[in-house]
Amino acid sequence: MQHTSARTGTRPGNRHDSRAPGRAPRRPAAASTGGRCRLPRYWFAERLLSVLSGHRPVHWMLGHTIGQAYEQLVRLAPGAPLSTNGLRPVLRHCDEYVPRPGVIEAFARITAGDRVRAMAFRLEQGPDLRWRCAAVELGGERLAAGV
């Protein structure tokens, strides 16, 4: 076996990959458990869940909504519609449909104890490439901006 010094930065002659011994190969951020928060749909779902369960104030969404969505959240949030029997709701799954570039229609499954709730929301990408929430639906009650 041919071995070179660690100071030279070269690897042994029988190694064909660049990772260090004993280290797992890197996975893309979206594939890792913690990487899902980098996806716009998960980021917004977590924020909306925090506001609509009463764990965060509604002004936390200021700047992340467009149109009438913020005012509608202001009216809905005090009732904490996603709060259930003192249990903190958990975002179990979130998926998306992209009807056209710059628009994401997302849906999320939320659990708290034995109860499962659904939330749907629409994201629109502005000229500054930032995503903003344009509409929210919970249990048949619609909060849509400009609809």
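Visitor: What should I know about the numbering and the model before we start?
Guide: Residues are numbered from 1 along each chain as its sequence is written, and side-chain values use heavy atoms, with hydrogens and water left out. This is a predicted model, where local features need pLDDT of at least 70, side-chain atom pairs count only at pLDDT 80 or more, and totals for chains, interfaces and linings use all residues.

Visitor: Which residues does Ala80 touch, leaving out those up to four places away in sequence?
Guide: Start with where Ala80 sits: in the loop between α2 (69-76) and β1 (90-100). Helices (H or I, at least four residues) and strands (E, at least two) are DSSP runs, numbered from the N terminus. Ala80 and Leu52 are 28 residues apart in sequence, yet their C-alpha atoms are 5.0 Å apart in space. Counting a contact as heavy atoms within 4.5 Å, Ala80 touches Leu52, Ser53 and Gly54.

Visitor: Is Ala80 buried or exposed?
Guide: Buried means under 20% relative accessible area, exposed over 50%, and partly exposed in between (1.4 Å probe, protein chains only). Ala80 has 18% relative accessibility, so the label is buried.

Visitor: How many bridges pair β1 with β2?
Guide: Two strands pair if DSSP finds at least two bridges between them. β1 and β2 form a hairpin with two residues between them, and Gly102 in the turn has a positive phi of about 90°. Across the pair, Asp95 stands opposite Phe107 in β2. The pairing is antiparallel, and the bridges number eight.

Visitor: And what is the bridge partner of Glu105 in β3?
Guide: β2 and strand β3 (residues 115-125) pair in the antiparallel sense over 10 bridges. They too form a hairpin with two residues between them, where Gly113 in the turn has a positive phi of about 65°. In β3, Glu105 has as its bridge partner Arg122.

Visitor: Why is strand β2 largely enclosed by the rest of the structure?
Guide: Look at residues 103-112, which make up β2. The strand is largely enclosed because the buried ones among its 10 residues number seven.

Visitor: How far apart are the closest N and O atoms of Arg122 and Glu105?
Guide: Side chains of opposite charge can pair when their charged atoms come close. A salt bridge here is a side-chain nitrogen of Lys or Arg within 4 Å of a carboxyl oxygen of Asp or Glu. By this rule the count comes to four. For Arg122 and Glu105, the closest N and O atoms are apart by 2.7 Å.

Visitor: Is Arg132 buried or exposed?
Guide: Arg132 forms a salt bridge with Asp128, with the closest N and O atoms 2.8 Å apart. Asp128 is partly exposed at 41% relative accessibility. Arg132 has a relative accessible area of 15%, so the answer is buried.
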